[in-house]
Protein chains: 2
Amino acid sequence: MSKSKKKLRVIPLGGLQEIGKNITAFEYGDDIVVVDCGLSFPEDEMLGIDLVIPDVTYLVKNKEKVRAIVLTHGHEDHIGALPYVLRELNVPVYGTKLTIGLIKCKLEEHSLLDTTDLRTVCAGQTIDLGAFKVEFIHNTHSIADSVSLAIHTPLGVIVHTGDFKIDYTPIQGETMDLARFAELGKKGVLLLMCDSTNIENEGYTMSERTVGETFNEIFADCKGRILVATFASNVHRVQQVINSAVKYGRKVTVIGRSMVNVVNVAIELGYLIIPEGVLVDMENMDKIPPDKLVIITTGSQGETMSALTRITFGEHKKVEIYPGDLVIISASPIPGNEKLISRVVNELFKKGAKVVYEALADIHVSGHACQEEIKLIHNLVKPKFFMPVHGEHRHLRQHTDLAIKMGMPSENVFILENGKVLELTHDSAKINGSVTAGRVLVDGLGVGDVGNVVLRDRRHLSQDGLIVVVITIEGDTGNVVAGPDIISRGFVYVRESEDLMDQIKEIAKQAVNKSAGKSRGDWSIRKSAIREDLKDCIYQKTKRKPMILPIIMEI
Amino acid sequence: MSKSKKKLRVIPLGGLQEIGKNITAFEYGDDIVVVDCGLSFPEDEMLGIDLVIPDVTYLVKNKEKVRAIVLTHGHEDHIGALPYVLRELNVPVYGTKLTIGLIKCKLEEHSLLDTTDLRTVCAGQTIDLGAFKVEFIHNTHSIADSVSLAIHTPLGVIVHTGDFKIDYTPIQGETMDLARFAELGKKGVLLLMCDSTNIENEGYTMSERTVGETFNEIFADCKGRILVATFASNVHRVQQVINSAVKYGRKVTVIGRSMVNVVNVAIELGYLIIPEGVLVDMENMDKIPPDKLVIITTGSQGETMSALTRITFGEHKKVEIYPGDLVIISASPIPGNEKLISRVVNELFKKGAKVVYEALADIHVSGHACQEEIKLIHNLVKPKFFMPVHGEHRHLRQHTDLAIKMGMPSENVFILENGKVLELTHDSAKINGSVTAGRVLVDGLGVGDVGNVVLRDRRHLSQDGLIVVVITIEGDTGNVVAGPDIISRGFVYVRESEDLMDQIKEIAKQAVNKSAGKSRGDWSIRKSAIREDLKDCIYQKTKRKPMILPIIMEI
C-alpha cells in the first residue's frame, strides 16, 4: 500500500456511551498509539464485581504495532486498567510527573513496577511515536499535572482535550494553554475529541479557588476539630485545606490509605507545599487540642470501607467522632452514591457533629468544563471533524448538537460506540468497521472469568435465594435410596416457615416420584422435571421464584 | 387513674429518621388515633424485597383502643401499608375524597374493599374520635386534596402539617388555609409536627403552575409526538399536560396501569377536567397524526417495569419510540434512581428522540416546603413544643436548629426515633419510654418472613455465588459411598475454569476425608470442617468468598 493511501483510524475501546474506562487507539499504517487506560466501577447489576476494565483484544492482537500508552492525567478512569493491560501489552507508558508518580504506587502493589517502562514528560514537550508525534498541552482539571494532547499525524492534527476545565485562577501552576489550542486551530485541525462530561450544564465551572474561600469562612468560625473528606487525587483541594489550616493556626493529620499515598507522592514531587511542622502523625494527633487540628481523609462518597465511614460508625482504630466536631464533605455525590453519603451524614449528626455538605455550602466544584468553556475550545480549535468523548449517549448527543449549533456541518460530527472505527483521510472522515471491544469484569483475582451467565445467577440468587433438592439414587435400579432433602438459603426464615418447608418437601417427593419414569440414563431430564414442578408450586404459594437446584447422587 | 393525671402520648411508628412509611399514633387514656399508614421502598441492601411496611405490633396489641386511621393524602408513603395493616387492625379509615378514591383501587386489588369502613371527609370538617377531635385543614402538595390536621386533645392542640408546600397559585382549588393555622396559633398550640423533607433548601418551592408554563413553551415549538412521564398521583401535573395539549390542539392518550387508575379516579371525582373528545384510547392512538398527540405515562423514575421504560426499550405491546418524538420526564430523580433514569434517557436519545429532563429545563417542582415556607408555619402556629417529622436524622436536626434559631427554647424541641414516646401534659413534654416499632419486609406474598438472616444470605450469594458439596454416606459405617460432587452457581464460568473446579473438587475430597473422624453421629461438625477447609483454599486461589453449602446424604 502506497503511503498516500494509508488511512488514519481512531478507535475508542472505552469511554464512549459511558462514564469511565477511557481508552482510545490511534492507528496509522504499522503504528498504534493508545491514549489513556482507565477502569470503571461496576454497575448496580454487576453483583460482586470489583472493577471493570476495557477489552483490549484488538491491541493484544496488534501488539507489535503498539508504540506506547500515553496518559492525560492520573485519575482512575484514565489509568486504573494499566496493571491489567500491561500484563498483556508491555509497552512504554508516557505521562507527566504526578501521573507517573501515582502509577508507580499502583504498579508496585501489582508487582509490575520493575517490568514497566515509565517515561515522564512535561507539558509543552512532543514525543515521536512511529508515524505519530504526540504533543502534551497543559490544561486544568481536578487533579494536578493534567494535559490535553495534540496528536500530529501524516494526515493532520488531532486535538484530544482529555478531561479539563478552564480555570483562570488555578491553585498551582499555569492556566490552561489556550494559546496553543488557538495556534493549532489557526494552522488547521483535522479532528477534535472533546470532554463531554458537563455538557448538560450551562455557563462556566467555578474556579477551584472558590472552594478555598468557603474553607476559610468555615474555618474562621469553627471552635472544634475539623475533618475534611475529599477525593485523594484532588491535590489542589488538599492544598487549600492545608492553606486554611495554616491560616487559622491548625495542625493537619492525613488519614486513609489512598489519601496518605497521594499526599506523600505529591509532597515528594512538589505538588503539595506544606510548611514545616504542620503535618502531625495519626499517632501524635491526640496531643493537639481539637480547635488546633484538621484531619484530611477519604470517604467523600460514603464508601463503606473508607476512613470517614469507619470513623463515623466507630470502626476506626484511632479516630472517632465527638460532639462538636465539624465534618466537611468536599465533593459531589457520584450518581449512585447518594444513599451511602446520606447514611454517613445522618450518623455524623446523630453523634453530635456538625456536617457541611454540598446541599448546604459551596464546598465543591467540578473538574469538567461546562457549555461556555466547551464552546471556547470549539471556537479556538475550529476542527474539520468532531467526535465527542467521555460521556454517556445523552452527553455525546448534546455535545454534537452544540457543535452543529456553532456551525459545524452535521455530516462532520460523529458519535461513536466503543469498538467502532472512525476512518480519516486528510479531508474526509467516516465510521468504517469495528474491532472487538467491551468490558472485562474483575472479581477478586479473576479477570474475565465472571460474565453474563454468572451475573444472571448471582442476580437470581440475590432476589429470592435458593432451594437445593438432593436425592440419592441407586444407579442400577433408578430407585431413590435417600432424600429428597431440602436445603434453602436466602428464601425464608426456615424456623418460622415450617409449614411452607414441609409443603415444599412434599412437593419435591411427588416431583421426584413423578419424574421416575423420565430418568433412566439421563439425569438432566429428571432434574428439570423436578425443577419445573417445584418452581410452579412455590410461585403459587409465595409469589417468589427462588433458584431451584436439584442434585442427584448416584450410588 | 383520675382524668387530670392522664398523659397524652405521641408515638411515631414510622417516618422518623427515614423518608417513607409515615405513621404516628396519638394516645390519650383509652383512645388511640393513628395518622397515616405508609410504606417505603426497599433499601439497596434489602435484596429481593418488594416493599417495607411499619411494624404495628403496638397498635395490634391495643386494638380495642384504636378509634381510626386518619389520612393526610393519597401518596404511597402515607397510605401504602393500609392493605397490610387493615388485615390485623380493622378500624374506620378517614380521608378526603381523592385519598379515599385512591385507597379504594388499592383495597380492591387486595380483596379488602368490602370489609373496610372508609369514611370521606372534607377540609374544614372536624370528627370526634374518642377523646380526640380531628380537624382537617386544606393544604397544598403534589397531590390534590391533601390536608394538614389539628388534633384537639383534652391537654391541648397538636398541629400536624402532613406533607405540604405553600402554593399561592395552585392549579385547582384553594390555597393552603394559612388563616386557620394562624387562628390555632393565636389560641395556643401545644405541639407542632412539621414536614422536614426540604429543610435543606433555602427560599421557597416554586408553584406547580411554573411547570405548566414550561410545558406551554415546549409544546409550542414541537412538531412531533410528545410523551410526558410523571408521577401518576400528581393529578395537577397531569391536568397541566392536558391543558397544554388542548391549547395546542393535541389529543391525549394515557398509558401505564397506575396512571390509568389515577386518571380514572380523578376524572370521576372531579379532580381532573378534560374537555370532551380530548382523550383517545391506546387502541385508536395510531389514527392521530404524531403532531396532534400527547401520551401521558408512568416511568419518570426509570422503573424497569414502568410503561416509559418498556416503551423505550421496545418491550411495550402498543407503543414504540420513533425519531422525532419528544419525551418530557417531568420529575426529579428520587435518590437511588439516578442511574435507572440515565439508562432510559440514553436509550431515548439513541432511538432518535429528543428528551427534556430536569437537568435541561424547569419541568418539575417539589411538593414540599423549603425553609421560608417552614418558617412561616412556625411563625403562625407558635407552638409550645416542636417535633420535626418526615425526614432522615439530618433533616430532623436541621429543622430543630431552625426552630431554635426562630426562638424556641432548645428543651422544647424533640427529635424522636420510631417507637419512642413523646409524653405531654398541658404544659410539659418529655421523651418517656418506647414501644415496639421497626420495619416489616414484604416479599411476594410473604409479610415478615424475610429478615436479617435471610437478607444476609442473599447478600452473600449475590457477591460471589455458591458452591454446593454433596456426599452420600453409609449411616452404619460412616463411609462415603458417593461424591463429593461439586455444583456451583454464580461463582465462575465453569467451562472456562475447569482447572479451578478440578482443584476445588480435589480440596473437597481431602476435606471430606480429613473430616471423617469428626463425624460420627454429628454431621454438623463434619459439615463445618469441610466448609472451613474449602473456604480458605478458595479464598487463597481467587480472593473470593462464595457461600459453601456442604450436604451430607445418609443411606
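This is a predicted model: local features need pLDDT of at least 70, side-chain atom pairs count only at pLDDT 80 or more; totals for chains, interfaces and linings use all residues.
1. Confidence first. Chain A has a mean pLDDT of 93, with 98% of its residues at 70 or more. For the model as a whole, the scores are ipTM 0.88 and pTM 0.91.

2. A sheet to look at in chain A. It is open and antiparallel, built from three strands in the order 4-21-22. Strand 4 (51-54) and strand 22 (446-447) of chain A each have a single partner strand, so they stand at the edges and one side of each has no neighbour in the sheet.

3. The pairing in detail. Four bridges join strand 4 of chain A to strand 21 (residues 439-443) of chain A in the antiparallel sense. If you want a place to start, find A:Pro54, which lies opposite A:Arg439 of strand 21.

4. The largest nonpolar core. This one counts 36 residues, and B:Phe219, B:Val294 and B:Ile328 have the most contacts inside it. Among the elements of chain B giving it two or more residues are helix 6 (209-221), helix 7 (235-247), strand 15 (293-297) and strand 16 (326-329). Domain 1 (8-203 + 366-447) and domain 2 (209-356) of chain B both contribute residues, so this core lies between them.

5. Leaving aside residues up to four places away in sequence, B:Ile328 touches B:Phe215, B:Ile218, B:Phe219, B:Ile226, B:Leu227, B:Val228, B:Ala229, B:Val356 and B:Ile363.

Conventions: Residues are numbered from 1 along each chain as its sequence is written. Chains are lettered from A and ligands numbered from 1 in the order in which they are written. Side-chain values use heavy atoms; hydrogens and water are left out. pLDDT is the predictor's confidence in each residue, from 0 to 100. Two strands pair if DSSP finds at least two bridges between them. A nonpolar core is a set of buried Ala, Val, Leu, Ile, Met, Phe, Trp, Tyr and Cys residues joined through side-chain atoms within 4.5 Å. Buried means under 20% relative accessible area, exposed over 50%, partly exposed in between (1.4 Å probe, protein chains only). Domain bounds come from an automatic or database domain assignment. Contact means heavy atoms within 4.5 Å.
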